Amino acid sequence: RRLPADPTEPVGVFLSGGLDSALVLALLAEAGARTLAWTLDFGPPHDVEVDCARAVAAHLGIPLHTVDARPSRVLRAIDPAAAALPQPYGDGVVAPLWLLGDAARDHVRIVFNGEGGDQLFGGWANKPLVAVGAYGAGDEIDEYLHTYHRFHGLLERLGTPAWRQRVGPVEPGEWVRSALDRERHPHLLHRLRAANIALKGGQNIAPRCAALAACHGLTVAAPFFDRDLAAATFALPDDAFLCGATEKAILKRAAAALLPAAIVWREKRGMGVPTADWCLDPGPLRRRVRDALSPRC
């Protein structure tokens, strides 16, 4: 449904080397789409994902373009990436995503990604919450917000009086209360997936990707953010998603016929932007961070 009407029109894929984007690329290849792929290279020793992306592209016979995302280029991308977004995003992947769009803009009109796969199919963030459900410790909503919101419970201390007056009362629990409702979703893992799709996916990842692509004239196609697909997954038993210590079990079984086993069953890494190494002393972005956050500014 997300392919262009003209079958000769090329489409792009932002390929991380992980399962979700690799599976999207594999399905596009299976559908006969004319496809190009782009991946990020953060430079050594942070370039381990590049080899995985190359292995996927070679396995599928798809041309792969490597985008330089080392500190000097990320630094130049920060301001235009921030300008493209409707609100601040505290995520190290923002500027690298801007670089991907900038690289693809002259070649394709539509870019596919694997965003939403973790939220829809029960990715890595659910394990601690499943443990909470199993052992009956703590409040579900409170525990969920602690995994998502690094400053949960600290807003009153973090904001100035002027900020608190302007923003008004903030009740993060209301953002996920309906998703975590036991009557709506009796199984804990389904409740977690519903909350992740609504909050982490629909209010964070999806608009961020769309805005960063739109500033380059690109349209994002995210197959995992699909209503029909989501509805189908909620009709499945919860153990289809988390099987022992294996997350996204059903997705991995489906992908096994299309991708190398080393890609399907590898440990989840995510897009490993080395922000800590770059921004902490003696990292190459340390001075920029210090100048930006200095009380003198």
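Which residues of α1 are buried? They are Leu 19, Asp 20, Ser 21, Ala 22, Leu 23, Val 24, Leu 25, Ala 26 and Leu 28. Buried means under 20% relative accessible area, with exposed over 50% and partly exposed in between (1.4 Å probe, protein chains only). This is a predicted model: local features need pLDDT of at least 70, side-chain atom pairs count only at pLDDT 80 or more, and totals for chains, interfaces and linings use all residues. Residues are numbered from 1 along each chain as its sequence is written, and side-chain values use heavy atoms, with hydrogens and water left out. Helices (H or I, at least four residues) and strands (E, at least two) are DSSP runs, numbered from the N terminus.

**The sheet**

- Five strands form an open sheet in the order β3-β2-β1-β4-β5, with parallel pairing. Two strands pair if DSSP finds at least two bridges between them.
- β3 and β5 (219-221) stand at the edges with a single partner strand each, so one side of each lacks a neighbour in the sheet.
- On average, neighbouring strands are turned by 30 degrees against each other, direction ignored.
- β2 and β3 pair in the parallel sense over five bridges. Trp 38 has His 65 in β3 as its bridge partner.
- β1 and β2 also pair in the parallel sense, over four bridges. Here Val 13 stands opposite Ala 37 in β2.

- Phe 112 belongs to β4. Phe 112 is buried, with a relative accessible area of 3%.
- Beyond its neighbours within four places in sequence, Phe 112 is in contact (heavy atoms within 4.5 Å) with residues including Val 11, Gly 12, Val 13, Phe 14, Val 24 and Leu 28. Ala 221 and Pro 223 are also among its contacts.
- The C-alpha atoms of Phe 112 and Val 289 are separated by 32 Å, and the two residues lie 177 residues apart along the chain.

**Helix α1**

- α1 covers residues 19-30. Nine of its 12 residues are buried, so α1 is largely enclosed by the rest of the structure.
- The expected span is 1.5 Å times one less than the number of residues. For α1 that gives 16 Å, and the end C-alpha atoms are 16 Å apart, which agrees.
- α1 lies across β1, β2 and β4, running at about 155 degrees to β1. Axes are lines fitted to C-alpha atoms, for helices over the stretch in contact, and angles run from 0 to 180 degrees between N-to-C directions.
- Gly 32 follows α1 and has a positive phi, near 80 degrees.

- Nine of the 11 residues of α4 (residues 94-104) are buried, so α4 is largely enclosed by the rest of the structure. Trp 98, Leu 99 and Leu 100 are among them.
- The cover over these buried residues includes β1, β2, β3, β4, α3 (71-84) and α11 (188-214).
- α4 lies across β1, β2, β3 and β4, at about 145 degrees to β2.
- α3 and α4 pack at about 90 degrees, with their axes 8 Å apart. That makes α3 roughly perpendicular to α4 (the class runs from 65 to 115 degrees).
- In this contact, α3 residues including Arg 73, Val 74 and Ile 78 meet α4 residues including Val 94, Pro 96 and Trp 98.

Definitions and conventions
Angles under 35 degrees count as roughly parallel, over 145 as roughly antiparallel, 65 to 115 as roughly perpendicular and the rest as oblique.
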